[in-house]
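Work through the exercises below with the sequence and the model at hand. Each task is followed by a stepwise solution.

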Amino acid sequence: MAWFLQVRNSFQQQRLFNMNHSELQQVFAGNLQRARENALPLAELLTIAESLQTSGMADSALQLYEVWTANTNDANKSLAMFNHGSLLQSTGKTAEAETIYRACLAERPYFAQPCIDRKSTRLNS
């Protein structure tokens, strides 16, 4: 089953990377609604957010992460929170990134990477 999901996500990722801006906007809108309804799986979130980010739509990716983490009950929520914080940090929003990293560590206290990145936001601000 895991192999099938990896293959499916790989095809989905290829398809997303070949879309134009308008098509990605439509994908974003539909998946934002799915995130609100807690119907967007983590793997799809990560793939879509990466596609949005690499297509110059970082603000849309940030919004998708924010809505998804606010509405999910996924056991691996901290992974999306970490990616959200990393994207905030890479776009210069260090105060917001630190807040997300702190929340991520509250979810999963022994997740080392947010702890390291949180410290780097403090050094760089």
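This is a predicted model: local features need pLDDT of at least 70, side-chain atom pairs count only at pLDDT 80 or more; totals for chains, interfaces and linings use all residues.

**Exercise 1.** Check the length of helix α2 against its end C-alpha atoms, then work out how its buried residues are arranged around the axis.

Solution. 
- Helix α2 has 16 residues, 21-36, and at 1.5 Å a residue it should span 22 Å. The end C-alpha atoms are 22 Å apart, in agreement with this.
- The buried residues of α2 are Leu24, Val27, Phe28, Asn31, Leu32 and Ala35.
- Viewed down the axis of α2, these residues fall within an arc of 135°, so they line one face of the helix.
- In an α-helix there are 3.6 residues a turn, so residues three or four places apart point the same way.
- At the N-terminal end, Asn20 caps α2, with a side-chain oxygen 3.1 Å from the backbone nitrogen of Ser22. Just after α2, Asn38 has a positive phi of about 55°.

**Exercise 2.** Find which element gives the most residues to the largest nonpolar core, and list the contacts of Leu64.

Solution. 
- The core has 30 residues; Leu40, Leu45, Leu52, Leu64 and Trp68 touch the most other members.
- Two or more residues each come from α2, α3, α4, α5 and α6. Helix α4 gives the most, with 7 residues.
- Beyond four places in sequence, Leu64 contacts Phe28, Asn31, Leu32, Ala35, Leu40, Leu45, Ile48, Ala49 and Leu52.

How values were computed. Residues are numbered from 1 along each chain as its sequence is written. Side-chain values use heavy atoms; hydrogens and water are left out. Helices (H or I, at least four residues) and strands (E, at least two) are DSSP runs, numbered from the N terminus. The expected span of a helix is 1.5 Å times one less than its number of residues. Buried means under 20% relative accessible area, exposed over 50%, partly exposed in between (1.4 Å probe, protein chains only). The arc is that of the directions from the helix axis to the C-beta atoms. A polar contact is a pair of N or O atoms within 3.5 Å; within protein, one must be able to donate a hydrogen and the other to accept it, and residues adjacent in sequence count only if both atoms are side-chain atoms. A nonpolar core is a set of buried Ala, Val, Leu, Ile, Met, Phe, Trp, Tyr and Cys residues joined through side-chain atoms within 4.5 Å. Contact means heavy atoms within 4.5 Å.
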